[in-house]
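Morning, everyone. I'll take you through one chain today, a few spots at a time. Please have the structure open as I talk.

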Amino acid sequence: MTIRNILVPVRGDGKGESVLDHALAVARRFNAHLNVVHCRPRPEDMLPFGVFVPTSFREQIASSATTMADEEEGRVKALFEAYCSGHDLAVIDSGAIAPKDRPSASWSEATGKQAAAVAVRGRLADLIAVAQPDPKLNLGRNTLEAALLETGRLVLMCPPAAAGSVGRHVAIGWDGQAEAARALAAAMPILVAADHITVLAGETGRQVELGPGDLQTYLARHDARADVRSFSSRGTEVAQGLLASATEAGADVLLIGAWGHSRRRELVMGGVTEHIIEHADLPVLMIH
């Protein structure tokens, strides 16, 4: 397996270029295809929930919403075309076979909420690139959760900072648990192609049956050699230790196993995952 199809959801929130930059950094390593999907809101999504709206006013809102969606679609598509031109990306139809000798991109439209589109289209992606949630603007959380919980695919969370390389030096957060093993398996094409791998092992004071040495051996059998970097960490300090150690090691992406559970349809992520989602300043690869 390799990375051939990367789903990149975009909308007119100003975060699309950063996500495209990170996705393209991965695509260039594999000559992969960027499946860019723009999600336009449905007119009914603009109506206030639980409030009676007269028919005449409803029609006005629907007409206005359609006009605004058309304008945003045109603006974002123009930005996409300019981006592809400026980055020498071959643009093909969304259903066409992508070239294998260079990165490519396609544009498609989806109607409805971005999270819903990602939940479905992400199931046939090798990687889903999404923006890091912005708690101040209350943007991006639903999309990230849909990518993690509804697709079973590897997710690249992209911070707002400018993208450099992604995948040349991979840091792996390793605790020997099933979540970390699942992330390892999903990211194997990226790990095998990496120039450098650093295994981050937290010294939490508890016994780890599969330690970093075991992971080194496993990776070596895939011709992927790794160094080990330990950090002293307990409880809620694990997340801080992972982020700090990844930065100190010079990694350009951090790989972790995300986990959580549903409670009354609300996702409650594990403490380590939650902290990394909120505070990471480098790209993070995750799978649930």
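Start with two helices, H8, residues 237–249, and H9, residues 271–279. They pack at an angle of about 45°, and their axes are 8 Å apart. That makes H8 oblique to H9. The crossing of H8 past H9 is right-handed. Keep in mind that this is a predicted model.

Which residues make the contact? From H8, take Val238, Ala239, Gln240, Leu242 and Leu243. From H9, take Val272, His275, Ile276 and His279. Sort the contact of H8 with H9 by class, and you get six nonpolar residues, three polar ones and no charged ones. As a reminder, an α-helix has 3.6 residues a turn, so residues three or four places apart point the same way.

Now step back to the whole chain. It has 288 residues, and buried residues make up 48% of them. The secondary structure comes to nine helices and 13 strands.

Next, the aromatics. How many aromatic pairs does a search of the whole structure find? One. The partners are Phe80 and Trp107, with ring centres 5.3 Å apart. Their planes sit at 40°, so the pair counts as tilted. The stacked class needs planes under 30 degrees apart, and edge-to-face needs over 60. Where are the two residues? Phe80 is in helix H2, residues 55–86, and Trp107 is in strand S4, residues 104–111. The pair therefore ties together parts that are 27 residues apart in sequence. Both Phe80 and Trp107 are buried.

On to helix H4, residues 141–150. Its buried residues are Thr143, Leu144, Glu145, Ala146, Ala147 and Leu148. Note that Glu145 is on that list. After H4 comes Gly152, with a positive phi, near 70°.

Let me pick out Thr143, which lies in H4. Buried or exposed? Thr143 is buried, because its relative accessible area is 5% and the cut-off for buried is under 20%. What does Thr143 touch, leaving out residues up to four places away in sequence? The list is Pro9, Arg11, Gln114, Ala115, Val118 and Val130.

Now a strand residue, Ala131, in S5, residues 127–131. Look at Ala131 and Gly16. Along the chain they are 115 residues apart, yet their C-alpha atoms are separated by 7.8 Å. Beyond residues up to four places away in sequence, Ala131 touches Lys15, Val19, Met157 and Cys158.

Last stop, a loop. Ala224 is found between helix H7, 212–220, and strand S9, 226–232. Which residues is Ala224 in contact with, setting aside neighbours within four places in sequence? They are Leu191, Val192, Ile197 and Leu219. For Ile197 there is also a distance. Ala224 and Ile197 are 27 residues apart in sequence, and C-alpha to C-alpha they are 7.7 Å apart.

To recap, then. Phe80 and Trp107 form a tilted pair.

Key:
Residues numbered from 1 in each chain as written. Predicted model: local features only at pLDDT ≥ 70, side-chain atom pairs only at ≥ 80, totals over all residues. Heavy atoms only, no water. Phe/Tyr/Trp six-rings, centres within 6.5 Å; stacked < 30°, edge-to-face > 60°. Helix = DSSP H or I, 4+ residues; strand = E, 2+ residues; numbered from the N terminus. Buried < 20%, exposed > 50% of the residue type's maximum accessible area, 1.4 Å probe, protein only. Contact = heavy atoms within 4.5 Å. Axes fitted to C-alpha atoms, helices over the stretch in contact; angles between N-to-C directions. Parallel < 35°, antiparallel > 145°, perpendicular 65-115°, else oblique. Left-handed = near helix turned anticlockwise from the far one by under 90°. Nonpolar A, V, L, I, M, F, W, Y, C, P; charged D, E, K, R; others polar.
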